[in-house]
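Hello,

Here is the structure we talked about. Please open it and keep it beside this email while you read.

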Amino acid sequence: MKKINVLFLIVLNTCGVGINNAISSNDEVIYEHPNDAIMNAQSSNTTSTAQKKTKHDQSGIFAAKNALSSSEALQNQPDKGKLLGFDFYRDPLNAKKPMQTFEETMKSDIAQRPEVSKTQHKLLQSRYDLTPRFDPEITMSRGKPIAVGPTAKLKGKMSWQKLAEMSPEEIRNDNLFPYPALPHPKQSPGGQVFPQMQIAMFPRLERFDVEFDLPEAFLPEFPPAIFLQNRPELGDVSRGEVVSINNFYRLFKDILTPVQLNGLQMLLTPLPQEEFNPTDDRKSAQPSLGVTCFDCHVNGHTTGQFHLNPDMRPEERRIRLDTTSLRGVYSQQIHGSKRSLRSVEDFTEFEFRTAYFNGDPIHAMKKGFPMIDRIHVSHMAQFQNMLDFPPAPKLDIQGRLDHSKATEREIRGENIFFGKGQCGNCHRPPAFLDNQMHDLKLERFLNEPGDGPIKTFTLRGIKDSPPYLHDGRLLTLEDTVEFFNLVLQLKLTDEEKSDLVVYMKQL
């Protein structure tokens, strides 16, 4: 047996070697987590003579299959008295066969991972031009370049203008719609997947069965900026750090109230999640305390993590969901893409009770059912409601462009936004949302069932939040404009589409 450092595995992954090639069945993975209090809390810093493995320790006597029957008479009973089917606590959920061990599941998943990644990569390459092109002037809040598009590939000699002239039926019948649903790379079991740039900092978020699929160029900056509505004069208060249990007090003790600090502490506290937990159905190599709210909503924003929505069944009908930002959550009256929960407190409490994004309290109970009292939930909501949008210096107090500061293109773009483009019908200033749910009825264009009503997401600070739409299928703002030009049958000109993008980068 050889020991492999997880930081070495990350380098291998970055170089294209892959975790499956780095780990053999006899390898022991050793995780190093510098400056990660969550993982340090689970790690032993000392060894003793009593910790040395004996032959008894390493024997198979502890395996369920080797357990002695309580009576010889069981040999004559059905299945010899053994439980061959699903065992609620011990059997991995979604195992390929009854009573499959965690080690068997992990070995199988690692072996399948290259093909899973290859299949998803092939799909993305067939749909998108993933060669990054960047805006030469506008950047995200902390300076990351903004990728420009459109990235979607059109079939044959089709052009965007010709496609926009076709009816929904023609587009569907000829299979020409360039923005079909973006699937999870591994629909079953699905679950939360983190981008490599985040895993590099927090290796405990690595899954052995699936890897993140979209290139970093099309994701938000990491770490994201943090803006607080109680101290707007401070601007970005992140100071370039990922807020964690290690640094939150140092960063915010002079900015937040004790209640808000306590809420932030809870948002940084790990709780069992569907794929990251101590049980045998986890998808992390090592058992863990779970993940925190701010592992997904990094710095109260997002880095493009995705999962499956908890609100639909069966498994194959569930849709991919891109992690949304918590910026400006104080202005939102409904929460959850499809659930329409009416308070951030309800949303927070619901996720803990259902093992984060699975909508199943039975799974959550297996992993360690978290019972958070309403006081702490309200404290968590208090902090989330402090998170503000990035500054938009060209907008006035009503959320409209100040013409003394805006360019001619931006003013033209605003006119299209509230006019021909129909964007303002749902994205109303100053928060650029309407707190409603709308059904785009994409089944008109696709041989897919459609997603039904999805809530309107805010467009404030939208340049910081790629990819777009609920499942991240729109990699750039240009793709977003092309998508709605088709779906709403707007017949926008190339110049109008370009001006609209220029305007949205000022929101």
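**What was found**

The chain has 507 residues, and 52% of them count as buried. Please keep in mind that this is a predicted model. The secondary structure comes to 16 helices and eight strands. Now look at the contacts in the chain with a separation of 6 or more: 67% of them join residues 24 or more positions apart.

**The nonpolar cores**

Start with the largest nonpolar core. It has 37 residues. Phe177, Phe417, Leu500 and Met504 have the most contacts inside it. Which helices each supply at least two residues of this core? They are helix 5 (160-164), helix 14 (408-418), helix 15 (477-487) and helix 16 (494-504). Helix 15 gives the largest share, five residues.

Zoom in on Phe177. Leaving out residues up to four places away in sequence, Phe177 touches Ile171, Phe445, Leu446, Phe483, Leu486 and Val487.

There is also a second, separate core. This one has 36 residues, including Ile226, Leu264, Cys296 and Phe352.

**Helix 13 and two partners**

Next, find helix 13 (residues 374-384). Take its pairing with helix 9 (residues 258-267) to begin with. The two axes come within 7 Å and cross at roughly 100 degrees. Angles of 65 to 115 degrees count as roughly perpendicular, so helix 9 is roughly perpendicular to helix 13. On the helix 9 side, the contact is made by Val259, Gln260, Asn262, Gly263, Leu264, Met266 and Leu267. Helix 13 brings His376, His379, Met380, Gln382, Phe383 and Gln384. By class, the contact of helix 9 with helix 13 has six nonpolar residues, seven polar and no charged.

Now turn to helix 11 (residues 344-353). How do helix 11 and helix 13 cross, left-handed or right-handed? The crossing is right-handed. Their axes come within 9 Å and cross at roughly 120 degrees. The two helices are therefore oblique to each other. Helix 11 makes the contact through Val344, Glu345, Asp346, Thr348, Glu349 and Phe352. From helix 13 come Arg374, Val377, Ser378, Met380, Ala381 and Gln384. The classes here are five nonpolar, three polar and four charged residues.

Met380 and Gln384 are listed in the contact with helix 9, and both are listed in the contact with helix 11.

Best wishes

Definitions and conventions: Residues are numbered from 1 along each chain as its sequence is written. This is a predicted model: local features need pLDDT of at least 70, side-chain atom pairs count only at pLDDT 80 or more; totals for chains, interfaces and linings use all residues. Side-chain values use heavy atoms; hydrogens and water are left out. Axes are lines fitted to C-alpha atoms, for helices over the stretch in contact, and angles run from 0 to 180 degrees between N-to-C directions. Helices (H or I, at least four residues) and strands (E, at least two) are DSSP runs, numbered from the N terminus. Angles under 35 degrees count as roughly parallel, over 145 as roughly antiparallel, 65 to 115 as roughly perpendicular and the rest as oblique. A crossing is left-handed if the near helix is turned anticlockwise from the far one by less than a right angle, and right-handed if clockwise. Contact means heavy atoms within 4.5 Å. Ala, Val, Leu, Ile, Met, Phe, Trp, Tyr, Cys and Pro count as nonpolar, Asp, Glu, Lys and Arg as charged, and the others, Gly among them, as polar. A nonpolar core is a set of buried Ala, Val, Leu, Ile, Met, Phe, Trp, Tyr and Cys residues joined through side-chain atoms within 4.5 Å. Buried means under 20% relative accessible area, exposed over 50%, partly exposed in between (1.4 Å probe, protein chains only).
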